[in-house]
Amino acid sequence: MLQANTTAELFEIAIRLERATESFYTGLAQMFAHEPEIAKFWKTYAEEEAGHARFLEDLRGKLTAEQLERPVDAALMEIAHRQAQNLPDQCLAEITNLDEAYQKTVEAENSETNTIFEFLAADFSLTNPSGKFLRHQLHSHVEKLTNSFPSPYQSRLKRLEVKALPLNPDVKQNS
C-alpha cells in the first residue's frame, strides 16, 4: 500500500520551490549585474521569495503533528513534484538576454507553484493577516513585472539588446 502524501511533505516541497525561485532571481541579478537597475529589480524578487519560504517555515512550525500528518490531495502533490523538477540552474543556462529572463519570469510567476503556496497559505492561515498580505504579494508579482519593470527596459526590443552575463559556477546563488 502506498503511503499517503502528507501536509508536512507538501510544506517541504513548497519551501524548496520558494528557495529555488529565490535562487533563480539571485542568478538573474548576477547575470544582469552590468545593468544595476535590472539587478536591483531581480534582487527584490529574490528577497520576496526568501520571505515566502520563511513564511511557510513559520507556518509549518505552528502546526500540530496531527495537521502535518493530514493527507494531501494526490493531484496537488503531483503538481508539487512536477514543479520540483524545474531546476533554477537549468533555466538560467537557457537565458541569453533580458527578454528571455523576462519571459522566464512571467512563466515562473504564473506557474503551478503558486497553486501550492495558495493552498498552504489559505488552508492554514485564514485568520493570519500576514498570510493575507503574502497572498496579495504573490498575486502582485506578475503585475509588478508588467508595471514596475525598470522603464528603460519596458520595450521587448530594448530587452533583446541587453545580453546576459554568464554565471560564475563558483558563486553560490543562495549566498
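Helices α2 and α6 pack with their axes 13 Å apart, at an angle of about 20 degrees. An angle under 35 degrees counts as roughly parallel, so α2 runs roughly parallel to α6. This is a predicted model.

**α2 with α6**
- α2 and α6 cross in a left-handed way.
- From α2, the residues I38, W42, Y45 and E49 take part in the contact.
- They meet L98, A101, Y102, T105 and E109 of α6.
- By class, this contact of α2 with α6 holds six nonpolar residues, one polar and two charged.

**α1 with α2**
- Helix α1 covers residues 7-31, and helix α2 covers residues 36-61.
- Their axes come within 8 Å and cross at roughly 165 degrees.
- Angles over 145 degrees count as roughly antiparallel, so α1 is roughly antiparallel to α2.
- The crossing of α1 past α2 is left-handed.
- The contact of α1 with α2 has 14 nonpolar residues, nine charged and three polar.

**The largest pocket**
- The volume of the largest pocket is about 440 Å³.
- Its lining has 22 residues, and T21, Q83, N86, C91 and A108 are the closest to the pocket centre.
- Two or more lining residues come from each of α1, α2, α5 (88-93), α6 (98-109) and α7 (113-124).
- α1 gives the largest share of the lining, five residues.
- Sorted by class, the lining has eight nonpolar, eight polar and six charged residues.

Note on methods. Residues are numbered from 1 along each chain as its sequence is written. This is a predicted model: local features need pLDDT of at least 70, side-chain atom pairs count only at pLDDT 80 or more; totals for chains, interfaces and linings use all residues. Side-chain values use heavy atoms; hydrogens and water are left out. Axes are lines fitted to C-alpha atoms, for helices over the stretch in contact, and angles run from 0 to 180 degrees between N-to-C directions. Helices (H or I, at least four residues) and strands (E, at least two) are DSSP runs, numbered from the N terminus. Angles under 35 degrees count as roughly parallel, over 145 as roughly antiparallel, 65 to 115 as roughly perpendicular and the rest as oblique. A crossing is left-handed if the near helix is turned anticlockwise from the far one by less than a right angle, and right-handed if clockwise. Ala, Val, Leu, Ile, Met, Phe, Trp, Tyr, Cys and Pro count as nonpolar, Asp, Glu, Lys and Arg as charged, and the others, Gly among them, as polar. On a 1 Å grid over the protein atoms alone, a cavity is a set of points where a 1.4 Å probe fits but cannot get out, and a pocket is an open set with protein on both sides within 12 Å along at least five of seven lines; lining residues have an atom within 4 Å of a point. Grid points are joined across faces, edges and corners, and a volume is the space filled by probe spheres set on the points. Contact means heavy atoms within 4.5 Å.
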